[in-house]
Amino acid sequence: MPNCLVIEDDTETRDYLCSGLRAAGYAVQAETNGEAGNRRLQETRWDVVVLDRMLPGQVDGLGILEQMRARGDGTPVLILSALNSVDERVRGLRAGSDDYLTKPFVMSELLARVENLSRRNSWSREATVLQVADLQLDVRTMRVTRQGTTITLQPREFRLLEYLMRHEGQIVTRTMLLEGVWEYHFDPQTNVIDVQISRLRSKIDKDFSPALIHTVRGAGYVLSAAPTYGPVTR
Amino acid sequence: MARSPDSGRPGLRGSIAFRLAVGYGVLLAVSMATLSAIVYFGTVGVFEHSIDNKIMTVETHLADAWFRDGRIGLVREIDAQLHDLIDTDTEVVGLVDAKGRILAGNMGRWFGDLPASRELAFGRMERNGAPVSVRLIATRLEDGSRLVVGRDLIELDAIRTVVERALLISAAVSILLAFFGAQIFRSRLEARIGRIRRTTARIAAGELSSRIVVMGNDEFARLGDDINRMLDRIEALMEGVRHVSNSIAHDLRTPLSRVRSRLDRALQASADPHALVADARLAIEDIDSVISLFDKLLQIAALESGVRAGTFERLDLAAIAHDMTELYEAAAEEQGIALHFTGTPTTIRGDRDLLASALASLIDNAIKYGRNGGKVDVEVATVDGAPALTVRDYGQGVPPEDMDKLTRRFYRVDQSRHLPGNGLGLSIVTAITQLHEGTLALRRLEPGFEASMVFPRA
């Protein structure tokens, strides 16, 4: 069971975070201020940290993060902030955070991102041949086969499938896809990502069984060999 | 608290009008003094000089007689001089021996010492029984006697008195004029400023539509014009704020009342867990739309404050346009629209994500509102050296009367109210373009509509 430290001063948000993360299978501990959080970070090894940007007391979120990175602590950190601006996001990422989410947030988005961070070490970026059930993708030759049949994909479709396969069994949200595949960070508002996924689906899943790409309502998509993907707590 | 214009009448020292008037008066007095000095020395001075010349001429003439014919000749010549009927009433001539006795001439008893030899000086002398002031020269002769030549200064004194009196009167008149002029000047200045102050006081009291009455084309008129222009701008901004808050209230009411009714229904039907879940989900969706509305408003505010320019970097506009075209291609095709990109690499300084989201918004609009046009063109080009990013559709376009309202917050063209959206898209695009020091040009075309982000020359 992966463990997760939540450092958040607002009681309501903290309880919401803790119950959501516990339901998703994390062992969760929470701290309410920067000093206590900093101590807790040094006592235990954590798989992932959810850190509020603004904290009462001497040390705020960015301060904690900078101290962690200065200590050589590479634990994945998701910054949670009410400050929604590109500048703030860039500052957070520069300070060494691995991801940045603004309040108010949707639990499914947060869970997908925490999951992505905590699993970061379990899947290998170096793997050149990815396999999910009977679907195979070779990064070097850019060849995709399913049940031995070669499937022709556009370059962007290929990268989309690669991203989904590298996050197998994990929910990826639309903004994660836009960031991970197109490398843009903004809210596309319309259904562009859905249309891209449905195109990919028609090539990967239409003529084959079982379907591998699943829609998770209100959250995003998951690529998984499991026939159905259970409802996501939100 | 705003000071009312009447309570704010400044003390004399604090009044700029008074200080200007005093300065003006002093300047006038100095120039009057200079003018008076010139007049005085031009009249009295010249007269004095001519007297001195006459004295010297007579003295030289008499001294010659002495050299030529001795004392006898001199006395004869003095007599002739006094009876030549020229200046006889002001001329003073005399021969005084070493003991101070008057030997010849018309001079009377003098007061004090005679001046040193061959030196013009002022002195006093008895003439016709009364002391008068004279200008005189005393020349010592070889036998110890002295030749005195001089002139009664009665004429000079008369002229001097007249000139001095005239100058004194004019000085008094000019000081009076300066004083009253300053008062008039001050009251006129205060009247002009008072008009402006009364207007600003009315505005401070909330009467925002009041304006300064501008007359003529002087400095105050121009100041009034400037203030009026500033007030127009403030009023327009206030109008905008009012419009925005009305729209926010309206746009929030709809989803919030939907949430409320759903939660209400969920409470009543709490026996059915499926209905509860469905209602909760819909309520969350509505709240999400409210949050996204706020996010957009905050984004516009943040963009307009311009703080983000710090993250700018050099980037290729065409690469972003290419990426966004590719991202939207499939969605456009579903709507029966062919999305097409043309352009060459064009470097500008900017924020990649902001530019991408602005372009995404323009493409989204073009697909949404240009649906029946069949195609949408995205183009990156350099027009007159200025990089431009253009999105053009071939749909039904925008009615001309709506053109200048398009970038207003929450503004939606009537015919598009049934389509999803909140009327903030073009406001955000405008804010992003302005953050990049560019302008957003919107044009009606036959057929269709074109939006162009034009950036400053590299």
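Start where the chains touch. In this predicted model, 23 residues of chain B are in contact with 20 residues of chain A. Which helices of chain B supply at least two residues each to that side? They are α4 (273-305), α5 (317-334) and α6 (352-369) of chain B. The largest share comes from α5(B), with 7 residues. By class, the side of chain B that touches chain A has 11 nonpolar, 3 polar and 9 charged residues.

Stay with chain B for a helix pair. Look at α1, residues 16-82, and α2, residues 154-204, of chain B. Their axes come within 9 Å. They cross at roughly 165 degrees, which makes α1(B) roughly antiparallel to α2(B). The crossing of these two helices, α1(B) and α2(B), is right-handed. In the contact of α1(B) with α2(B), 25 residues are nonpolar, 5 are polar and 4 are charged.

Now chain A. First, a word on confidence. The mean pLDDT of chain A is 85, and 92% of its residues reach 70 or more. Treat residues 229-234 of chain A with care: their pLDDT is below 50. Beyond near neighbours in sequence, that stretch still has 14 contacts in the model.

Next, the sheet. Chain A has an open sheet of 4 strands in the order β6-β7-β8-β9, with antiparallel pairing. Which strands sit at the edges? Those are β6 (129-132) and β9 (149-151) of chain A, each pairing on one side only. From one strand to the next, the twist averages 25 degrees. Zoom in on β8, residues 143-146 of chain A: 3 bridges join this strand to β9(A), and the two run antiparallel. Arg146(A) has Thr149(A) of β9(A) as its bridge partner.

α6(A) lies across β6, β7 (135-138) and β8 of chain A. Against β6(A), α6(A) runs at about 65 degrees.

That helix also has a helical partner. The axes of α6 (residues 155-166) and α7 (residues 174-182) of chain A come within 9 Å and cross at roughly 120 degrees. α6(A) and α7(A) are therefore oblique to each other. Here too, the crossing of α6(A) and α7(A) is right-handed. Who makes the contact? On α6(A), it is Arg156(A), Arg159(A), Leu160(A) and Tyr163(A). On α7(A), it is Leu177(A), Gly180(A) and Val181(A). The contact of α6(A) with α7(A) divides into 4 nonpolar, 1 polar and 2 charged residues.

That's the tour. Over to you.

Terms used: Residues numbered from 1 in each chain as written. Chains lettered and ligands numbered in written order. Predicted model: local features only at pLDDT ≥ 70, side-chain atom pairs only at ≥ 80, totals over all residues. Axes fitted to C-alpha atoms, helices over the stretch in contact; angles between N-to-C directions. Parallel < 35°, antiparallel > 145°, perpendicular 65-115°, else oblique. Left-handed = near helix turned anticlockwise from the far one by under 90°. Nonpolar A, V, L, I, M, F, W, Y, C, P; charged D, E, K, R; others polar. Contact = placed C-beta atoms within 7 Å. pLDDT = per-residue confidence, 0-100. Pairing = 2+ DSSP bridges.
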